[in-house]
Amino acid sequence: MFTLTDEQRQFQESLQRLLRDGYDFDRRRAIAASEAGWSREYWEQLAGLGVLALTLPEAHDGFGGGAVDTFLVMEACGRALLLEPYLATVVMGAGLVARAGSEAQRAAILPAVAAGTRQLAVAVYEPGRRYALDPLVTTAQPLESGGWSLSGAKTHVLNGGSADALIVSARTPRGVSLLRVDAAAGGVQRESYAMYDGQRAATIRFDAVRIGADALLGEEGAAAEAIEYAVDAAIAAVCAEAVGAMSALLETTGQYLKTRKQFGVPIGSFQVLQHRMADMLLATEQARSMAQLAASRLADATREERRRIVSAAKVKVSEAARFVGQEAVQLHGGIGVTDELPASHYFRRLTMIEVAFGDVDHHLGALGALLFD
Amino acid sequence: MELRNKVVAGEHLTKEEYLRWHRLLFERGWIAPSWPRAFGGCEWSAVRQHIFEEECGLAGAPGIMPFGIRMVAPVIMKFGSAAQQQRFLPRILSGEDWWCQGYSEPGAGSDLASLRTRAERRGGHYLVNGQKTWTTLAHYADWIFCLVRTAREGRPQEGISFLLIDMRSPGVTVRPIIMLDGGHEVNEVWLENVEVPVANLVGEENKGWTYAKYLLGHERTGNAGTGFCRRWLGELKALARLQAGSDGRPLADDWRFRDRITRLEIELMALEVMNLRVLKLEEERHAPGPEASLLKIMGSDLQQALTELTMRALGHDGARAPQAATGRYFNFRKASIYAGSNEIQRNIIARHILGF
């Protein structure tokens, strides 16, 4: 679908080397069990390699890369089951700032993201509202002084517990707006939790949080499209991540079938298991096609075209993630349902990707509406 | 009541909690529905046992661990000595002895007959060395029934014996295996120079494979789990009425999700009838047959579909750990692997029903 430039290929190789050599299974397990759930040392290494800067605008210490570069990074993240909050900080947070923020906001935030000294989180989902993106319970009232008073609650905020700055969607008098909130501001209550894949998210309450007039990202009341784009970009990114995870899971399962002996032979010699591996490969490659399509069209498609491609990709990738994950566990047998081998860790991440940013039913509905309504 | 709440919430039970329910049933005389009256059982028909189990599952009663009542006891009754029957069966009934199963080994899973734990005869005892794995609740157990190798000649099945081993014997070490939902149910059991009195051999030396197969037949019949599936389905329907979809309406009003639940309702109806048909066959034959493999596959498929859809009902809220529905989804991936993987069940169907 897309061909990589020599530069992209070199970058991909050095990133994969970093993840392979520095991010082995035991290291990752220790990071997952730590308080923060990610490693600052590792984050700095990613910054040093230019991974964080890769897709940021050149005017703000970035390399000006696009969605294909995001694909490369996220695919490698999927292979390594990376716990560090690249998706939340770079793809979602910095992506929104670059797209919707003012020049001053970009200059204040993006170079710090590129350098690895600042982390972001995007808060768009609300408790009890499933995948709805329009804010209902979170409102920002204009203050006479010119700033805003923010109240409400958000949930499923990826990296919400560690982020220095939060980008929050809220209802304002003119519609849906985005506000940048200092995570340490008075009235911000963060409850961080671990997900089943070891990554962290948070539920965040805002109790009359006072923020300045310069906190508004883009025009007041006009943020709905930027939010939708940010979520679509996140979906394209997790599709690439899932493809990386599925490929690695296929390899490790294939290795297991070639070495695990029962009845005097490697169990991979049984045709019935070979066919199941073949089906897993089919699903993975179909998912890869759709993930590549989403990455290559994210930036230049019309809104409707983009929505259509992204929802279709999310359905295809989620179904493949479910199938490949469940089958890999089954083919491993008992050891597959333990914490001890990578297989169950890939399965858990793939399951979490399945339910993130809209599950299969959600995107079937969204795509169906685009096709028929 | 408090026990029921824990079961319904999908929490792991402590030994004492399992035993509380065990003793309640024991005092009512209902702890061993399948046993003959002579040994203190109910001697109920297979259908009556099934109804009892279904009701227990539906009510959210804790499971009665099968290892004593359903697994080792039938073997002791059929192949054990009178002394073994008198020694072990009353303590299994009362719950005084907790049993676990020493079958699988790291190198012997689906290919159970390749097991290597060896028992060497040394006068009045066997010296046992080896490693068992996937041993459910071995950390609660007083006794383990083990398949051990006592001879290397002939087919691998011919050198296996069935030994009863006191878990307190010197040389027995239990190590936990942590599962993908973070829970601790299964263990590795290491046996290093464990001395086991010859009196603890069941039946004849090198005939253990016959006893093991007898036991496995009993194990599979219990695995359809229609009672607790019916309870899970009820819980899922209740959840779908409460849980809002992205449009704010309950999930139960979303035809896409409703269809998914409805399909599982049909699956469960079919499984319930299937279960009764297999039980009837067993009653006529007075023995479990290969049809039990059908129940194992269908039951585990349905359990997995139900736990999966319940997790799905939560949307991304299900990602937050710990979460009963998501934990149960991950936990029940084991259902198509344990007690003879579904691949092995299909082999049994192909060979013993289809005649390949």
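Biologist: Among contacts in chain B between residues at least 6 apart in sequence, what percentage join residues at least 24 apart?

Modeller: That comes to 69% for chain B. Keep in mind that this is a predicted model.

Biologist: Staying with chain A, how many helices and strands does it have?

Modeller: Chain A has 11 helices and 10 strands. Its radius of gyration is 21 Å, close to the 21 Å from the globule rule for 373 residues, so chain A is as compact as a globular protein of that length.

Biologist: And what does the C-alpha trace of chain A span along its principal axes?

Modeller: About 80 × 50 × 40 Å.

Biologist: What share of chain A is buried?

Modeller: Of the 373 residues in chain A, 53% are buried.

Biologist: Back to chain B. What's its secondary structure?

Modeller: You get 11 helices and eight strands in chain B. The radius of gyration there is 21 Å, close to the 21 Å that the globule rule gives for 356 residues, so chain B is as compact as a globular protein of that length.

Biologist: What box do its C-alpha atoms fill, and what percentage of chain B is buried?

Modeller: The box for chain B is roughly 75 × 45 × 45 Å along the principal axes. Buried residues account for 42% of its 356 residues.

Biologist: How is chain B split into domains?

Modeller: Domain 1 of chain B covers 2–94, domain 2 runs over 99–205, and domain 3 takes 223–353.

Biologist: How many Å separate the centres of domain 1 and domain 3 of chain B?

Modeller: Taken over C-alpha atoms, those two centres are 23 Å apart. The contact uses 13 residues from domain 1 of chain B and 14 residues from domain 3 of chain B.

Biologist: Which residue classes sit on the domain 1 side?

Modeller: Where domain 1 of chain B touches domain 3 of chain B, there are five nonpolar, five polar and three charged residues.

Biologist: Switching to the interface, how many residues does each chain put into the contact between A and B?

Modeller: Chain A gives 29 residues and chain B gives 27 residues.

Biologist: Which elements of chain A supply at least two residues each?

Modeller: On the side of chain A that touches chain B, those are β6 (188–194), α9 (303–332), α10 (342–355) and α11 (360–372).

Biologist: How does that side of chain A divide by class?

Modeller: Into 13 nonpolar, 10 polar and six charged residues.

Notes:
Residues are numbered from 1 along each chain as its sequence is written. Chains are lettered from A and ligands numbered from 1 in the order in which they are written. This is a predicted model: local features need pLDDT of at least 70, side-chain atom pairs count only at pLDDT 80 or more; totals for chains, interfaces and linings use all residues. Domain bounds come from an automatic or database domain assignment. Two residues are in contact if their C-beta atoms, placed from the backbone, lie within 7 Å. Ala, Val, Leu, Ile, Met, Phe, Trp, Tyr, Cys and Pro count as nonpolar, Asp, Glu, Lys and Arg as charged, and the others, Gly among them, as polar. Helices (H or I, at least four residues) and strands (E, at least two) are DSSP runs, numbered from the N terminus. The radius of gyration is taken over C-alpha atoms; the globule rule is 2.2 Å times the number of residues to the power 0.38. A residue is buried if 20 or more other C-beta atoms lie within 10 Å of its own, exposed if 12 or fewer, and partly exposed in between; C-beta atoms are placed from the backbone.
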